[in-house]
Amino acid sequence: MQTHGYAAHSADTPLAPFSFDRREPGPTDVAIDILFCGVCHSDLHTARGEWGGTLYPCVPGHEIVGRVTAVGSDVSLFSVGQTVGVGCMVDSCGHCPSCQDGEEQYCTGEGGFIGTYNGHDKHLGGHTFGGYSAHIVVDQGFVLRVDHDEKDLAAVAPLLCAGITTYSPLRHWKVGPGQQVGVVGLGGLGHMGVKIAAAMGAEVTVFTTSPDKREAALALGAKDVVVSRDAEAMAAQAGRFDFILNTVAASHNLDPFLNALKRDGTMVLVGVPEEAHPSPSVGGLIFRRRALAGSLIGGIAETQEMLDFCRDHGITADIETIPMQAIDKAYDRMVRSDVKYRFVIDMQSLRDEVAA
Ligand code: NAP
Ligand code: ZN
């Protein structure tokens, strides 16, 4: 069936209206009308070709909240009318060790997991199209239950990527009460990291390049704020942190942050900059047995756990709702770190455009 969305047709042209086919729901599929879709920096990296490998036309969007409109004959987990979410993945091999462990994001089957956009579409051929669209069809194994209040649904959408990408490493490295946790970069991911780490009981410090975000960081649950461009303030953090979550979307010097870790502390990188970071100092790692690690989104079961954790702790994203037509302006503001803290597209704007 035909659906409508917004696509980038090349790295340097604005996103534009685009019509394409979605498959008819098969036996295990869930058809979803998209209500809201968050705007992740990965959408921008991909649409503008910053990582290479973008398949055009590219319909980004992997922070989807919507309503079920139809289910296949074998679908037992979802029913028509239910509110659901879809994140960064729509499929994986299902039988490699990672999939068996519920860590589908690390699927080692052929081609790895299938991304919600820019992945291989095994049903229709070609590539997958994401959530900047009116509706989507997804296998039930990659659909999440959303039990937040109806009024919060726009602010729930960013949990599907920004929420799980921060929740998963915080859980994996067992962040909890009594720990000093740093969050680097107060953007979409970073602000979720602050809220979730604080809810897990950690004492959170925000590292930011934007001094004007200080009050907001404290309001989000941070106990301290350090301006990372201030070398003296950074040096004063030496040996303070058990764990640092680095969400920065640009290449930068990692050493001042590694130096802020305690002995045996870990910094996890989740930002994926266009240009590589300069190599960190070996001495900074070995003299305190510090670790530098990475983490990719989170598995489906853990994403459901995160959604339930956020509902129970009253956590949603801080958002600015935009119409579909404003996406390029939103991207430009995101590049300038001018977003508090996530843009979310109200998909009614797309339906209105199509109806007009
Ligand atoms: P975002 O909203 O743009 O936030 C990034 C933040 O990084 C900015 O708000 C800014 O915070 C800081 N920053 C930006 N430029 C900087 C610079 N030149 N030097 C230092 N700090 C800078 O982006 P996002 O959506 O949170 O995504 C962050 C990154 O994570 C992106 O690269 C994205 O692709 C990646 N990502 C990874 C995963 C994963 O699974 N690993 C999942 C989703 C996204 P301050 O103003 O506070 O400095
Ligand atoms: Zn994302």
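In which sense do strands E3 and E8 pair, and over how many bridges? Before I answer, a word on the basis of this talk. This is a predicted model, in which local features need pLDDT of at least 70 and side-chain atom pairs count only at pLDDT 80 or more, while totals for chains, interfaces and linings use all residues. Residues are numbered from 1 along each chain as its sequence is written, chains are lettered from A and ligands numbered from 1 in the order in which they are written, and side-chain values use heavy atoms, with hydrogens and water left out.

E3 and E8 pair in the antiparallel sense, over five bridges; pairing requires that DSSP finds at least two bridges between two strands. Strands (E, at least two residues) and helices (H or I, at least four) are DSSP runs, numbered from the N terminus. Within this pair, Ala-31 stands opposite Val-137 in E8. Of the five residues of E8 (135-139), four are buried, that is, under 20% relative accessible area with a 1.4 Å probe, protein chains only.

I turn now to the zinc ion, ligand 2. Its protein donors are Cys-40 (SG), His-62 (NE2) and Cys-161 (SG), at 2.0 to 2.2 Å. Donors are N, O and S atoms within 2.8 Å of the metal (3.2 Å for Na, K and Ca); water is not among the atoms, so sites may look incomplete. Cys-40 lies in the loop between E3 (29-39) and helix H1 (41-47), and His-62 in the loop between H1 and strand E4 (64-71), 22 residues apart. Both Cys-40 and His-62 are buried.

Conventions. Buried < 20%, exposed > 50% of the residue type's maximum accessible area, 1.4 Å probe, protein only.
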